[in-house]
Every structure is written in C-alpha cells, then in structure tokens.
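Subject: Structure for you to look at

Hello,

Here is the structure I promised to pass on. Please open it beside this email and follow along.

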Amino acid sequence: MSAREITFGRAVAEAIQEEMARDKNVIVIGEDCWRALEEDQLHPKYARKPHPRVFNTPISEAGFTGAAVGAAMMGLRPVLYFLMGMFMLSGFDQVVNQIPKLGYLSGGQAKLPIVIYTSNAVGNRYAAQHAWSMHPMFANIPGFKIALPSTPYDAKGLMKTAIRDDSPVLFLSHFLLEGTKGAVPEREFTIDFGKADIKRPGKDVTVVAISSMVDKAMRAARRLERQGIDAEVLDPRTVVPLDKEAIFRSVEKTGHLVIVDDAHRTCSFASEISATVAEEKFDCLKAPVKRVAIADVPVPFSPVLEDEIVPTERKIIDAVKSVLNR
Amino acid sequence: MPRLLQYSRSLEPSRCIRLESTSERGAYASGYEAWAKLNNPMTTTVGPWVSDTAPQSDPSSPSKLSPELLLQMYREMLTIRAFEEACYDQFRSDPSMRYAGIHAYIGQEATAVGTCSALRKGDKITSTHRGHGHLIAMGAEPKLMMAEIQGKSTGYNKGKGGSLHIASFDLGILGANGVVGAGIPIATGVAFAMKHKHLNQVCVSFFGDSAANEGVFNEGLNLASIWKLPVVFVCENNQYAVHTPVTESTSVADISVRAAGYSMPGVTVDGNDALKVYEAAYSAVERARGGAGPTLIECKTYRIMPHQGDMPDYRPPEEKEAWKAKDPIKRFEEFLTKSGLLKQETKTAIAKQVTDTIQGAVSYARESNWPDPKQAYQDVYA
C-alpha cells in the first residue's frame with residue numbers, strides 16, 4: 001500500500017491541528033493565522049463561530065509576539081504565526097531580545113514553549129524586503145531551536161516535536177516548498193530535533209543541504225551520478241541543535257564537503273558547518289570545503305538577476321566537481 | 001487657581017464604558033471630546049497638570065482601608081527607599097557592585113505601593129529597568145533582590161539577570177525588563193491567558209513616560225482593548241526619558257488622554273500620593289477583574305536620583321528641590337500621623353524593622369557565594 005501524498009503546508013497544518021487536539025494549551029496566534037491551519041472556513045469572513053484557540057490579530061508584530069510571550073508565561077503553548085519571516089523584524093525586540101532570553105535571564109523561571117511558524121522566501125521573485133533567509137541570524141541567538149524541514153514528512157514530524165518542546169522554536173518553512181507534495185503516513189509520528197537525515201547515500205562527496213536546497217542538491221546528485229560521481233545528500237533538518245556527528249561520519253567516509261545554504265554567504269549556516277568541520281575533522285578532508293550560498297547583495301526582483309545570485313543545480317554541480325578536482 | 005485632576009470614585013461596573021453599538025464606536029472615532037461625554041466614571045478633567053498644590057487626601061478614602069494595610073504600605077515605601085539607598089551606598093563603596101546598574105526608584109515609592117496594594121494574590125505584574133520598587137511592593141524579599149543585583153548564586157535569578165531582570169514568578173513578578181516598553185505587550189499576553197483560562201486574575205504593566213512613545217504602547221493597548229483584557233497599564237511619568245524632558249518628547253500634557261485612542265478609560269493621578277494611586281488602581285483592577293477591560297493610569301511623579309548610578313544629571317536643581325518637597329513618604333507619614341495611625345512608638349518600630357531588613361539584605365548578599373561558573377551553561381533551554 002503506498003502512503004498518501006499531501007502538501008508541505010497541509011502536513012504542517014495537520015501537525016498543529018493534532019497537537020491542538022492533544023493539548024488544550026496549544027493556541028495559534030498571529031496575523032491571518034488561520035492560514036497556518038489551512039482552514040479557509042476559519043477566515044473571519046466565513047467563520048460562523050471563531051475557533052476558540054485560533055486568535056487572529058491586527059498587523060502588530062511586536063504586540064502579538066509580546067502577547068505570545070505573556071501567554072506562554074501563563075502556561076499556554078502558542079504557535080506564533082507570521083505571514084512571512086521578514087515581518088518578524090517589525091517586532092524584533094520581542095522576537096530576539098525577549099523570547100530566547102527571558103528563560104535564561106530569569107534563571108529558568110520563565111518557560112516559553114513558543115513555536116514561531118513562518119517562512120524563508122528566496123527564489124520566489126519577491127525582492128529583498130520579502131526575500132531573505134533568516135536562519136543564520138537566528139542561529140546566532142542562543143535560546144532558539146531552529147527547524148528547517150525540506151519535505152512534508154519532515155515538516156509534520158518536526159512541527160509536532162516543536163510544539164511539544166518547552167523551549168522556543170523557530171520553525172522555518174520555505175515559500176518554494178509549501179505547495180510541494182510528499183508521502184506522509186496517517187499514523188502518529190514525531191521527528192527528534194538534532195537528527196540529520198541522509199536523503200541520498202553516496203561515497204564520493206558529502207553535500208549538506210538546508211531546507212529548499214535539499215531538492216536542488218538531489219537533482220544535482222542525480223545528474224552527477226550520470227557523470228560517475230556518487231554524492232551523499234545530508235539534510236540536517238534542524239540547525240540548532242545541529243547533528244554534527246552525522247556530518248562528521250559522512251565526511252569521514254567521503255573526504256569532501258560541499259554545503260548548500262540559501263542564505264547570504266557571509267556568516268551563512270554553511271559558514272558555520274564549514275568552520276565546525278575544519279576545526280574538528282580537518283584530517284578527514286581531502287580538499288578544501290566549498291560553500292554554495294547567496295551572493296552578498298540584497299535579493300533583486302528580476303528573475304534573471306535573482307537566478308544569478310542564488311544557489312542553483314549548476315552551481316552545486318560545479319562546486320562538487322571543484323572539490324573533487326574533476 | 002490650579003486645575004486639579006478629578007475622577008469619580010464610583011466603581012459600579014454598570015457605569016463603566018461599554019462599547020456595544022456601532023454608533024458608540026462612531027462617537028469614539030470623533031475623538032476625546034466625544035469619549036469624555038460618554039459618562040465614564042473614570043473620566044479625568046484633563047488639562048495642564050499643575051502640581052504646586054499637593055492634592056489633599058480624601059478623608060473618606062482611608063476609612064475604607066484597614067490600618068494594617070495602611071501601615072503595610074508605609075513600611076513598604078520605607079523599605080523601597082532604604083533598599084535603594086543601600087544600593088547606592090554599596091555601589092559607591094563596594095567594588096563588586098560597580099556593575100550593578102542601579103536605576104533607583106527613590107521618589108516614586110507611592111506609585112508602586114499604591115498600585116500593588118490594590119492587587120490580590122494571583123495577580124501579576126511586569127516591571128521595568130527601574131523596578132526595585134515594584135518588586136518590593138509585590139512582596140519580594142530584599143535579601144534575594146540584593147543578591148541578584150550583586151550577581152550572587154542566591155539571587156532570584158541565580159545571578160543571571162541582575163538588577164534589570166529580577167523576577168519571582170511565585171510572587172506574580174513576571175520580570176523587570178531591560179527594554180523600554182517591552183513589558184506592555186507581555187502583560188497584554190498574560191492578561192490574554194488569564195481571560196482565556198478564566199482565572200479571575202489581573203495583570204498590571206508598569207512602564208515609564210518614554211514607553212508611551214514606543215510602538216509597543218500602541219500595539220499592546222490596541223490588542224488589550226479589542227480583546228477586552230484584564231490588564232491595567234500604569235504609566236509612571238517621572239518627567240524624563242534619561243535626560244530628555246517629557247515636554248520635549250511627548251505630544252500630550254497628560255499621557256492618560258491617549259487612552260481615548262484605544263477606547264479605554266484613562267486617568268491621571270498624583271503619583272506621589274499613595275492613596276490617590278491606590279484608589280485609581282483599585283477601581284481599574286476591579287474593573288478589569290469584572291471583565292470590563294483595560295485602563296490606562298498615568299502617575300505623575302519624579303525620580304530624585306540620576307537616571308542610573310552616578311550618571312551626570314542635567315535637570316534644574318530648583319526643579320528637583322520642588323519635587324523633593326512633595327516627597328511621597330513624608331506626605332503619607334503626615335497623613336498617617338494626622339489620622340492617629342502612626343504613633344511615635346509604631347514609627348520607631350517600623351523604622352527599626354526596615355533598617356534591620358535592609359542591613360540583613362546587604363550582609364546576606366555580601367556573604368552569598370558567587371555562582372559556579374559552569375552555571376553559565378544552564379537554563380539556555382527549558
């Protein structure tokens with residue numbers, strides 16, 4: 001029996017709905033947050049009766065983020081929804097200076113089980129204010145866990161784990177992934193944080209790919225196979241915590257590392273993985289590490305210009321061949 | 001003749017503002033004048049707030065308060081004053097206090113004590129960078145506060161927060177906060193959860209006049225209003241945003257009038273009069289508890305010390321002297337003495353109690369251990 005296929009967005013919505021049914025403290029709050037549940041009937045225009053635990057807010061990012069902090073202090077478990085990741089910037093003090101820090105600063109008194117559910121969005125012709133990958137910046141803020149699923153299956157399992165986690169979690173979807181379909185079993189399952197997934201085993205080169213880059217890396221790997229290069233594609237799934245051991249095991253096997261990250265190159269997460277492997281597994285490397293990331297310019301609108309600066313299948317193939325000296 | 005603030009003391013929920021018909025909403029839209037016409041019991045007579053004459057305490061008011069509560073308020077105000085003075089003494093003499101970042105509450109004691117005395121067990125507060133007064137008024141132990149301020153392991157936050165972040169969730173103190181205005185939406189969310197869970201509790205958010213110029217003020221008050229939350233916003237207008245006078249930074253003479261923009265009652269009170277503050281807080285807190293929604297209270301007061309530590313102070317000396325003459329503790333003491341509640345022996349006993357508490361706090365903090373350095377790695381995640 002083949003497993004049913006659903007979209008990435010539907011998988012996340014299912015996870016949230018199942019967790020809401022399991023735990024009455026789970027609430028959804030944010031701007032047009034009914035969209036997180038993919039339930040059009042929750043739109044205020046159609047809703048005969050508002051959902052008792054879905055709280056649509058004004059566009060007041062600092063206000064509703066702060067409200068989620070206060071609600072979490074009182075024992076609720078908010079799924080905090082932003083239409084796009086970049087809108088977090090309007091409430092940035094609350095997002096980065098309150099949520100990840102209050103637990104620590106209070107000596108562990110404040111417990112903030114908040115899941116920020118939003119999207120990275122490079123590659124969708126949105127231009128720089130809406131097109132930006134925020135995970136490297138957040139990874140630089142201790143206190144957040146960060147999930148970046150690449151498939152509907154991972155999205156559902158990671159969202160369920162995120163909601164059950166007592167610490168703040170940034171759950172970053174990707175605009176290019178939301179409509180993609182994949183197999184998701186109907187049975188209950190969760191995916192632990194800090195457990196990378198080998199999306200494709202290989203022996204010649206390790207390609208670590210993050211979020212929407214996994215699909216590009218897989219396509220590149222299939223083309224490389226025809227040229228006699230066997231690439232292993234590794235998806236960390238969460239960057240905080242990072243499954244360093246899985247990356248080390250793969251690099252020990254292949255001796256070559258390419259990291260694909262659709263974030264700006266300087267201080268990208270690719271940079272962090274590169275530094276970590278250089279520090280701890282230098283002896284295993286047979287060639288320098290390569291990063292495939294977005295050029296350090298604001299993301300332009302024109303398709304021609306955007307394609308110029310983002311990681312592509314071609315750029316991944318070139319990077320792999322370069323580290324293999326082929 | 002100075003126009004003093006007036007507000008009706010009637011507390012019946014039936015007379016509180018209701019926003020049920022669209023025509024009423026329309027009336028709100030036309031601004032403060034229309035709002036004031038809505039027969040709101042909390043309506044203030046707004047206008048230039050003149051403080052040359054201290055408002056007389058309403059003699060009928062204390063009769064509603066038990067002597068125990070009044071003496072407790074007096075003791076708390078003295079404790080706050082003595083605590084802050086002890087912080088300064090140590091800051092100037094003890095090298096381990098050099099980094100403590102003392103934002104002293106001296107001069108504002110009536111605001112914290114008047115407000116927190118109106119709360120019940122289970123109610124919560126969010127506090128500010130100038131928060132020591134709020135914490136003591138909520139029942140925090142000076143010795144655990146002092147230990148936190150010194151970064152000792154015995155402090156409320158295990159030394160991780162320091163002066164700007166002291167929290168005691170058990171006492172309903174959800175944390176002082178280092179960012180101006182940050183507590184406003186957080187308190188709104190606390191009140192949201194209280195309403196969602198039917199807890200019959202109220203959250204008070206303390207913030208300063210500068211926070212009323214932050215975006216979170218707009219966002220928090222708007223959310224609290226549309227969701228009719230049990231939150232009371234207490235703006236402590238101490239006249240200065242660090243060095244900038246409120247007259248240069250703020251578009252209105254009375255910050256309470258901004259409440260009209262959020263369809264909630266706004267009231268300005270003499271923040272150096274503990275009873276006036278209590279009265280306003282009590283009616284707002286009970287209104288919130290009754291389900292009638294948020295209130296904005298502005299307490300006009302003054303910080304006597306510089307913004308922080310021994311920072312340079314550019315305020316006119318005559319202005320400081322004028323406010324020192326309105327010392328909230330002196331005024332409350334006079335009231336208690338006149339009412340016959342504070343005999344000399346009681347006064348002496350309370351003074352000794354306070355001195356002992358603060359001296360005890362100082363030595364407790366001094367003798368406490370530093371945290372194990374490895375503690376730095378704990379509490380990052382829950």
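First, a definition: two strands pair if DSSP finds at least two bridges between them. Keep that in mind for the sheets below. Note too that this is a predicted model.

**The sheet in chain A**

Chain A has an open sheet of 7 strands. Their order is β3-β2-β4-β5-β7-β6-β12, and the pairing is mixed. Which strands lie at the edges? They are β3 (54-57) and β12 (238-240) of chain A, and each pairs on one side only. From one strand to the next, the twist averages 20 degrees.

Look inside the sheet next. Strand β5 (residues 115-120) of chain A runs parallel to strand β7 (residues 169-174) of chain A, and 6 bridges join the two. To find the spot, look for A:N120, which stands opposite A:H174 in β7(A).

Two helices of chain A belong in this picture. Helix α1 (residues 8-22) of chain A packs on the sheet. It touches β2 (26-31), β4 (77-81) and β7 of chain A. The direction of α1(A) makes about 135 degrees with that of β2(A). Helix α5 (residues 152-164) of chain A lies across β2, β4, β5, β6 (145-147) and β7 of chain A. It runs at about 160 degrees to β7(A).

**The sheet in chain B**

Chain B has an open sheet of 5 strands, in the order β1-β2-β3-β7-β6. Here the pairing is parallel. The edges are β1 (124-126) and β6 (266-270) of chain B. Each has a single partner strand, so one side of each is left without a neighbour in the sheet. Neighbouring strands are turned by 20 degrees against each other on average, direction ignored.

How many bridges join β1(B) to strand β2 (residues 203-208) of chain B? There are 3, and the two strands run parallel. B:T126 stands opposite B:S205 in β2(B).

Helix α10(B) packs on this sheet. It touches β3 (231-237), β6 and β7 (295-300) of chain B. Its direction makes about 170 degrees with that of β7(B).

**Helix pairs in chain B**

α10(B), residues 274-289, also packs with helix α4 (residues 109-116) of chain B. The angle is about 40 degrees, and the axes are 7 Å apart. That angle makes α4(B) oblique to α10(B). Their crossing is right-handed. From α4(B), the residues in the contact include B:V113 and B:G114; from α10(B), they include B:L275 and B:Y278. By class, this contact has 7 nonpolar, 3 polar and no charged residues.

Now find helix α6 (residues 142-149) and helix α13 (residues 344-367), both of chain B. They pack at an angle of about 40 degrees, with axes 8 Å apart. α6(B) is therefore oblique to α13(B). This crossing is right-handed. In α6(B), B:P142, B:K143, B:M146 and B:A147 make the contact. Their partners in α13(B) include B:I358 and B:Y364. The contact divides into 8 nonpolar, 2 polar and 1 charged residues.

**Where the chains meet**

Last, the interface. The contact takes 34 residues from chain A and 33 residues from chain B. Which elements of chain B give two or more residues to the side that touches chain A? They are α7 (183-196) and α8 (215-226) of chain B. α7(B) gives the most, with 11 residues. By class, the side of chain B has 19 nonpolar, 10 polar and 4 charged residues.

Best wishes

Note on methods: Residues numbered from 1 in each chain as written. Chains lettered and ligands numbered in written order. Predicted model: local features only at pLDDT ≥ 70, side-chain atom pairs only at ≥ 80, totals over all residues. Contact = placed C-beta atoms within 7 Å. Helix = DSSP H or I, 4+ residues; strand = E, 2+ residues; numbered from the N terminus. Nonpolar A, V, L, I, M, F, W, Y, C, P; charged D, E, K, R; others polar. Axes fitted to C-alpha atoms, helices over the stretch in contact; angles between N-to-C directions. Parallel < 35°, antiparallel > 145°, perpendicular 65-115°, else oblique. Left-handed = near helix turned anticlockwise from the far one by under 90°.
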